[in-house]
Amino acid sequence: MKRPMKIGLWILGIPVCLIIMAIIGVCLLFPKEKAKTMAIDRISSALNRKVVVDDISISLWGGLGIYLEGIKIANPPGSAAPDFLTAKALDIKVRLFPLLRKELQIDRLILKEPHISLHKSLAGLNNYQLGTPEWVASIPANEMLSNESKMAAVPISFEDLAIEDGRLDYNDDSSGVKLAIYGLSLKSQMNTPRKMVYDASGRIGMDSLQTIAGNIKMPPLRGMAEYHIIVDLDANTAVIPELRVVINGIGLNIKAGIPNLKTKNYLNAEISSDKIDLVNIFPFLPDSIENLISPYNIKGGLTINANVKYNKSSSSPFIYDGRVNFLDLGLSRKGI
């Protein structure tokens, strides 16, 4: 699993599960005000961060409903910014009877207007590993898998996991990379067909992604991804039978598999594209090439079919082959 996926699992997976379990425990046993205080204490203890919740509402109609307003999760000491995450609200509804079987079945988990700020310092220290008092440069693969396995001990499923109108900022002082995502949305569902196996599908969208990475030219991006992923933490495998990505009008269909999540030595992927209009590619070209072709009127498109294999132990880790088909090409210039 690549590091961004590890970070994503850590940020969105384990802390969320810890928060849910902490909230459910206190809300079932205590009145509202005491539940609010104890929930904040337990979440703060689980994440080892200061947590603020402005208000909490509890309902037992059709399951356990919990609504948290005005959420803030602080950054670790030493961070320039005050908060790691802020959100307008977190809306949770959990089925009660499965809890008696030690199963967590979530009908609804909606995070409204979150703003997540990720930061990596010049020394390589980060603010996005939760649950430790110090900034750390990395999360070892065996430690990550161990924590994932702990959460997998409880069968978890959800019908509606959503993020509404989110924002994510990432600043890496060590590499100079800055990234900002606006209008982040997620609509997903997941079930656990058997212990340690997760089957998830859904849609991720963004209104705008803006990137600064040294001299690399990157236009603002708008897009979405529809995905289906099966992760077997017992067998240490991940399969993506379906991934549909559309970025700035460029559509790609991807199938991939990671045979060993623990070593991450191998990756197999198949990639195919819709017809890509050439005009949608031009914004990604270097200025020197774009200036060269700007006097011409170019029309037409292309399609791509490719296979990619990654073998970490090979002298040439990436092996790829494929085919590009050009369609309806035309080239003209005034006076010619």
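Colleague: Which residue forms a salt bridge with Lys-275?

Modeller: A salt bridge here is a side-chain nitrogen of Lys or Arg within 4 Å of a carboxyl oxygen of Asp or Glu, and in this pair the closest N and O atoms are 3.6 Å apart. This is a predicted model, in which local features need pLDDT of at least 70 and side-chain atom pairs count only at pLDDT 80 or more, while totals for chains, interfaces and linings use all residues. Residues are numbered from 1 along each chain as its sequence is written, and side-chain values use heavy atoms, with hydrogens and water left out. The partner of Lys-275 is Asp-328.

Colleague: How many residues apart in sequence are the parts that this pair ties together?

Modeller: Helices (H or I, at least four residues) and strands (E, at least two) are DSSP runs, numbered from the N terminus. Lys-275 lies in the loop between β12 (266-273) and β13 (276-277), whereas Asp-328 belongs to strand β15 (residues 318-332), so the pair ties together parts whose separation in sequence is 53 residues.

Colleague: Is Asp-328 buried or exposed?

Modeller: Buried means under 20% relative accessible area, exposed over 50%, and partly exposed in between, with a 1.4 Å probe and protein chains only. Lys-275, at 42%, counts as partly exposed. For Asp-328 the relative accessibility is 60%, so the residue counts as exposed.

Colleague: Which strand holds Lys-187, the salt-bridge partner of Asp-160?

Modeller: The closest N and O atoms of Asp-160 and Lys-187 are 3.3 Å apart. The two residues are 27 positions apart in the chain, with Asp-160 in strand β6 and Lys-187 in strand β7 (residues 177-191). Asp-160 is buried, because its relative accessible area is 17%. The strand that holds Lys-187 is β7.

Colleague: In which sense do β5 and β6 run, parallel or antiparallel?

Modeller: Two strands pair if DSSP finds at least two bridges between them. Strand β3 (residues 83-94) and strand β5 (residues 115-120) pair in the antiparallel sense over 2 bridges, with Thr-86 opposite His-115. Between β5 and strand β6 (residues 156-172) there are 6 bridges, and Ser-117 has Asp-169 as its bridge partner in β6. The sense of β5 and β6 is parallel.

Colleague: Over the ring of which residue does the charged end of Arg-49 sit?

Modeller: A charge sits over a ring if NZ of Lys or CZ of Arg is within 6 Å of the ring centre and within 35 degrees of the ring normal. The charged end of Arg-49 is 5.5 Å from the centre of the ring in question, which belongs to Phe-84.
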